[in-house]
Structure formats: structure tokens, C-alpha cells
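This report looks at strand pairing and at charged side-chain contacts. The sequence and structure are shown first.

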Amino acid sequence: MRAQMNEFDPVKQVYNRLRSLRITGHCIDKCDVRIIGGTWSVYPKLYQELFIKAIYDAHTTYEELEPFIEDTSTGTDRFAEFKVREGYKMRESATLEEAKERNMKSRSRVVGIQIETRPDWINIDEIKRLRSYDVTRVEIGYQTTIDAINEMNKRWHGNAESIACTQMLKDAGFKVCAHIMPNLLGSTPELDRQSLKEVFDNSAYRPDELKIYPMMVTDKSELTEIWRNGGFTAYDDETLIQLMADLLEMVPPYIRMNRVYRDIPAHQILHGSHLANLRQISEELLVSRGGLVVDTASREVKWKTFDVENIHLVHRAYEASLGQEYLLSFEEKNVKNAYKHKDDGYIRIPENAPDNATLYALLRLRIPSQHFSKEPHFLPVLENAAIIREIHTFGEQLSLWSRADDAIQHQGLGKNLVAEAEKIVREQYPSIKKIAVIAWVGVRPYFEKLWYHLEETYMIKDIVD
């Protein structure tokens, strides 16, 4: 809706979003941009480049725009829409590289960009193009891990493509968010449970993030006619809630659950659930029967008071996509009603670390598949490198140059996690000679202070014995 309201102009969309964040009291110094909708890879390459350049320019120039803003709307339909008085003109960058360079020094910095695409569109050339834009996260539509159902729903890809693209993206440092869609044509609740179980049990999958979107019928699709002709029936709400509670219980603590319901206006849903609070209802059912949701989003510190004496470092190691993953985190030390996930599939240090501990900061370290296969890396810059794919400190966001004793950010947690990642590589993988960070434009200065330097689009640090 924001895109439509702003005539699909990326500058207007970013300005509108930054304005909405500002008037609701949020810090806009560090922004993670998500480009949602459709298959990004099919858009013309020139359009992609101009769109990304506009995103950087809009963040860079927003501070200059603000004094010219007047008449901001707070209505629900057009929230944060505003008028600009005469005299303002955006300073546009001549090239994408100039736009990125300017943004590194601006007040509102882009610290990550996410796009959506299909598994069968990911290849080496596409990965290089995404890195040229400094994309850091990719959403991929698995939809199901049952090939026959993907075929019935005319996805034109199957498990082989989902597995291959997941591995390639991880080996290039991207975070991978998988989409799973229960209630596809031809599926059943039991097949949906089987499908998601495969995502976690089969190490060829194991994405970093997950969205679960139950099927809905909207207008002007092939499914619309199938439904109208009696060939498709969506699960009733009771069945769907029971299913979603079961699926949420499967999610391990190294996964981030981003969504459990597709944000489609109710009047556009011809058939399917209208439960906008599906996640809440499903979680309540799960808790009522003794389970818990333990994904990283559910464990973020949020409004809790920061107690430096009650946090400790936790390692979770697991195999994924023919490589080795480490989720390093600072978590609450003393947990009441400690809970452990039923089906681990990973190694904890310390062993008694519960899965429902409050999460203060995390880092994802990958030893890529090429280290084990001994094949050359398809990106020469990552040859013989371990990869930091994510680093994040939770809690209230502080501005770039501020600090507060009772705040979690800017307390050195990220710096300590980077040091721990370097220690793991140095001690456990002596043949690896460098660490690469998938380098968001807005955080390159941070890694420069930790003795990393820019090579192509990655921040690199040589490992010294």
C-alpha cells in the first residue's frame, strides 16, 4: 500500500517510511531496507540499479528534506503522507557507487537490503549482481518440500532448486529467509507438518529466517477459478490454528520467525482465514499445552532491563547446506522455567543453556561448503574465508554517536561476538586464513575499527596465528 500511495517511486516510499518512523519516536540512523513483492530478479537490470540507487539517496538526503516538511497526515489510510514546501530539491547521486559512498557518511544509513526472488533464479551471476547492490538478505519461496505439491501448484521449481540456491546464498554470506505455504492445492495438515519438519531435519535446508503464509484465495489467479469450481477448500480456522501451533513448536532457536500470516487486506481475501492475529492465537494454544516458541524474534530483549551481570555467551553449532554454522549469542544467564527444544539438531555450549533465554545480541558465522569440499569458491574474494553473515544487537536503537549506561546497544556486545567468531576460526579451522563480513554500506566504518578492510563488497580481516 505504501508503494501505491507513493506512485511506486522508491524515493517517495523511503521518505514516507522514514517520516512515519520519525513521528512515532523511532531512531532512523540505522535502517534495514526490505523490498517486498514479486520476483526481484525478473525486473530489468537498469530498473534494479536505479531503484537501489534511489533508496540510498533517499536515506542520505532525508535530513535535508525534514525542514521542508509540512502537513503530515496521521490518518490510518495515508499515515505519514506529507507535503513539501517550495525550495527543496533532492541531491541525486550520479552513480550507484556514489550513492553508496555518500550514504556511508550520512545520518540515516542503510545497514541491510533484502529482496525476494525464486529459487530457480539464483545463480552465480545473480549473486554477483545482488552483492553489487549490497543486498544482504534474500527471501526464497520454498512453499513446500514436497515436489508433487509444488508441481501441482505450478511453481516450476522443486526441492533441488531450493536446496541449491540456499547453499549458494549462504556461501556468499547472505541471510536466507524461506517462505513456507501451508494449505497449498493438494496438501493436507499432515503433509504441511511433514514439509516443515524436513526444513529443519534435513541439513540441506536450515534457513536463517522463516515466513509461514497459509494459502488464501485472491482475485484473478488460476486458484480462484479452481476454488469457484469446487476444487479447493481452505482449512477452517480451528484446523489452521492447531496446525500453526504444531509448526511453531518445530522452529529451533537459531531461526527467526518473521511472519505467520500474509498481510492482505481482508476485503481482498475471497476464501481463506481472516485471522489477522493468527500468530498470537496459535502461540497461546501452544503455551496452553506446555510448549513454547523459541525463535530469535520471540527471545529478543525488547523492554527488559539490561543486566550485564546476568548475561553469558552461548554457542549453537549445526550443519547446514554442506557447511558449518555457528549462532553466537549473548543471552540471559539465570532463566526461570528453563525450556529446551525437543529436537535439538545442534550442539550447545554451555550444554545447559535453555532455548527460552532472553536474547541480547547474536552473530551468525559460517564455514562455507567449499572448505569441506575443497572446491574453489565461486567468488574469488571469499576463497579460503569464513563468513560473518549477520551481527545484531537488540534493544532500543541508539543514534550512531550516542551511548546510555542502561541501554544494550553500544556496550561492546557486537565487538565481543566478532572476537569470539575470530577465535573459533583461528582455533578450530587453522587452514582458513581470513574472515569476510557481508558488508552493509552503513556499517563498514564499524568494521574498519576492528581492523577489517574493504575488498569488493566484503569487509576482510586476515587471521593471524
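## Strand pairing

Two strands are taken to pair if DSSP finds at least two bridges between them. In this predicted model, strand E14 (residues 434–438) and strand E16 (residues 458–462) pair in the antiparallel sense over 5 bridges, and Lys-434 stands opposite Asp-462 in E16.

Both strands belong to an open sheet of 8 strands with mixed pairing, in the order E11-E9-E10-E12-E13-E14-E16-E15. Strand E11 (347–349) and strand E15 (453–455) are the edge strands, each pairing on one side only, and the twist from one strand to the next averages 25°.

## Salt bridges around Arg-364

The structure holds 41 salt bridges. One of them joins Arg-364 to Asp-208, with the closest N and O atoms 3.9 Å apart; because Arg-364 lies in strand E12 (residues 359–367) and Asp-208 in the loop between helix H8 (189–201) and strand E7 (209–212), the pair ties together parts that are 156 residues apart in sequence. Arg-364 is buried at a relative accessible area of 2%, and Asp-208 is buried at 0%.

Arg-364 also forms a salt bridge with Glu-390, where the closest N and O atoms are 2.8 Å apart. Glu-390 lies in strand E13 (residues 385–393), so this pair with Arg-364 of strand E12 connects parts 26 residues apart in sequence, and both residues are buried. Salt bridges that share partners join Asp-171, Asp-208, Glu-325, Arg-364, Arg-366, Arg-389 and Glu-390 into one network.

The side chains of Asp-246 and Arg-289 meet in a salt bridge at 2.3 Å, N to O. Asp-246 is in helix H10 (residues 237–250) and Arg-289 in the loop between helix H11 (278–288) and helix H12 (296–299), 43 residues apart. Asp-246 is buried, with a relative accessible area of 19%, whereas Arg-289 is partly exposed at 37%.

Note on methods:
Residues numbered from 1 in each chain as written. Predicted model: local features only at pLDDT ≥ 70, side-chain atom pairs only at ≥ 80, totals over all residues. Heavy atoms only, no water. Helix = DSSP H or I, 4+ residues; strand = E, 2+ residues; numbered from the N terminus. Axes fitted to C-alpha atoms, helices over the stretch in contact; angles between N-to-C directions. Salt bridge = Lys/Arg side-chain N within 4 Å of Asp/Glu carboxyl O. Buried < 20%, exposed > 50% of the residue type's maximum accessible area, 1.4 Å probe, protein only.
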